[in-house]
Amino acid sequence: MATIEECRAALEKLSENMGGAGGDVRAAAALDRSVSCWITDLDVTFTGRMTGGRIVVRDTVEGPPREKAAIRLRMTGDDLVALVDGELNFAKAWGSGRVRLEAGLRDLLQLRKLL
């Protein structure tokens, strides 16, 4: 099982990858939205902001998200690490329910370019 530190490192790596992307991916990453990522097996939520083509994690709280972020992710720590490392296909994980992504329709259309 992934640790909180490994999950935070995975989110930082994802942020770096987004920051270095170009084209459609860069445009999708340029959203300015609140973000939460609930790691269900650790029962911890990382909260922050997607801004400037990066994800900035501002806080880590126990339990599910306390406030509704504009972009909400929910998965296990192992799935987060596997996604960022390229070992888990996001579309398949989302389709099977292993990963949950919730956002407004307009944001979902933009985010599909990232995923």
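Reply: In this predicted model, the end C-alpha atoms of helix H1 are 23 Å apart, which agrees with the 22 Å that its 16 residues should span at 1.5 Å a residue. Within H1, the residues Cys 7, Ala 10, Leu 11, Ser 15 and Met 18 are buried. Viewed down the helix axis, the buried residues of H1 fall within an arc of 140°, and therefore line one face of the helix. The face turned away from that buried side carries the exposed residues Glu 5 and Glu 16.

The largest nonpolar core has 27 residues. Helix H1 (4-19) is one of the elements that give two or more residues to this core, and the others are strands E1 (33-39), E2 (44-51), E4 (71-75) and E5 (100-103) together with helices H3 (77-84) and H4. The residues with the most contacts inside the core are Ile 39, Met 50, Ile 71, Met 75, Leu 80 and Leu 111. In soluble globular proteins, nonpolar side chains tend to be buried together.

Leaving aside neighbours within four places in sequence, Ile 39 is in contact with Cys 7, Val 44, Phe 46, Met 75, Thr 76, Gly 77 and Leu 80.

The phi angle of Asp 43 is near 50°, a positive value in a residue other than glycine. Asp 43 counts as partly exposed, at 36% relative accessibility.

Thr 45, by contrast, lies in strand E2 and is buried, with a relative accessible area of 0%. A polar atom of the Thr 45 side chain lies 2.6 Å from the backbone oxygen of Gly 63. Beyond residues up to four places away in sequence, Thr 45 touches Ser 36, Cys 37, Trp 38, Asp 59, Thr 60, Val 61, Gly 63, Pro 64 and Pro 65.

Helix H4 also holds an aromatic pair. The count comes to one such pair, formed by Phe 90 and Trp 94, which is tilted, with 5.8 Å centre to centre and 40° between the planes. Both residues lie in H4 (residues 90-96), four residues apart, about one turn of the helix. Phe 90 counts as buried at 11% relative accessibility, whereas Trp 94, at 40%, counts as partly exposed.

Methods:
Residues numbered from 1 in each chain as written. Predicted model: local features only at pLDDT ≥ 70, side-chain atom pairs only at ≥ 80, totals over all residues. Heavy atoms only, no water. Phe/Tyr/Trp six-rings, centres within 6.5 Å; stacked < 30°, edge-to-face > 60°. Buried < 20%, exposed > 50% of the residue type's maximum accessible area, 1.4 Å probe, protein only. Core = buried A, V, L, I, M, F, W, Y, C linked by side-chain atoms within 4.5 Å. Contact = heavy atoms within 4.5 Å. Expected span 1.5 Å × (residues − 1). Arc of directions from axis to C-beta. Polar contact = N/O pair within 3.5 Å; in protein donor to acceptor, adjacent residues only side chain to side chain.
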